[in-house]
Every structure is written in structure tokens, then in C-alpha cells.
Amino acid sequence: MDFVRRVVIINISQILTVPLDKKKSGAKLKKAMSSRHCSVKYLSLYLGVSEKTVKKWLTGVSFPSVSNTVRIRQVLGVTMDDILVEKN
């Protein structure tokens, strides 16, 4: 019997039980990128995603996947608390 492996990309907001504010989180990510002189182009190349995808994160349209969140933490030297904001 052949088994098919499936890759599931899970959005970080689907794992956390705390509702997150996409716009505020995007603003914090943008600030972290700016303070480390990290461009949208560089981050997109590092993560292997399109610039459009990174811009969606920065504008609060969507969240990065869990794996991308981990890599963002690595490249920017930030914690999840530094870039994710709970809804009030």
C-alpha cells in the first residue's frame, strides 16, 4: 500500500487559542524589519515566498504560516511576542 504524504500549511492564528490582531501584528513586523534594515524583497527571498505575500502580512491581510513565523524570528532576531499582537 502506498502512502501519500501531505504537507499542511497551518496559519499561526489557527494554532493559537488567542485571537490575534492582523493589522497590529503586521505593523510590528514592519517595524522589526525596518529596525534591522530588512526589505520586503530580502525577506521574501529568504522565506521563498512572493513579495506580495510578505506585503499581505505587513498590511494585515493575512498571517505567515507557522514555519515562516519561525524563520522570520530567526532572520529578524525577534520573539513571537515581538511580532504577534492579541486582539483586545
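A helix here is a DSSP run of H or I at least four residues long, and helices are numbered from the N terminus. With that in hand, let's look at Ser 25, which is found in helix 2. Please keep in mind that this is a predicted model.

**Helix 2 from end to end**

- Helix 2 covers residues 22–35, and its end C-alpha atoms lie 20 Å apart, which agrees with the 20 Å that its 14 residues should span at 1.5 Å a residue.
- At the start of helix 2, Asp 21 uses a side-chain oxygen to reach within 3.1 Å of the backbone nitrogen of Lys 23.
- After helix 2 comes His 37, which has a positive phi, near 55°.

- Which residues of helix 2 are buried? They are Ser 25, Gly 26, Leu 29, Ala 32 and Met 33.
- Turned away from the buried side is a face with the exposed residues Lys 23, Lys 30, Lys 31 and Ser 34.
- The cover over the buried residues of helix 2 includes helix 3 (40–47), helix 4, helix 5 and helix 6 (80–83).

**Ser 25 and Phe 63**

- Is Ser 25 buried or exposed? Its relative accessibility is 4%, and because buried means under 20%, Ser 25 counts as buried.
- Leaving aside residues up to four places away in sequence, Ser 25 touches Phe 63, Ile 83, Leu 84 and Val 85.
- Phe 63 has its place in the loop between helix 4 and helix 5 (66–76).
- Phe 63 also counts as buried, with 8% relative accessibility.
- Although Phe 63 and Leu 20 are 43 residues apart along the chain, their C-alpha atoms are separated by 9.4 Å.

**Where helix 2 meets helix 4**

- The axes of helix 2 and helix 4 (residues 51–59) come within 6 Å and cross at roughly 115°.
- From helix 2, the residues in this contact are Lys 22, Lys 23, Gly 26, Ala 27, Leu 29, Lys 30 and Met 33, and they meet Trp 57, Leu 58 and Thr 59 of helix 4.
- Sorted by class, the contact of helix 2 with helix 4 has five nonpolar, two polar and three charged residues.

How values were computed
Residues numbered from 1 in each chain as written. Predicted model: local features only at pLDDT ≥ 70, side-chain atom pairs only at ≥ 80, totals over all residues. Heavy atoms only, no water. Axes fitted to C-alpha atoms, helices over the stretch in contact; angles between N-to-C directions. Helix = DSSP H or I, 4+ residues; strand = E, 2+ residues; numbered from the N terminus. Contact = heavy atoms within 4.5 Å. Nonpolar A, V, L, I, M, F, W, Y, C, P; charged D, E, K, R; others polar. Buried < 20%, exposed > 50% of the residue type's maximum accessible area, 1.4 Å probe, protein only. Expected span 1.5 Å × (residues − 1). Polar contact = N/O pair within 3.5 Å; in protein donor to acceptor, adjacent residues only side chain to side chain.
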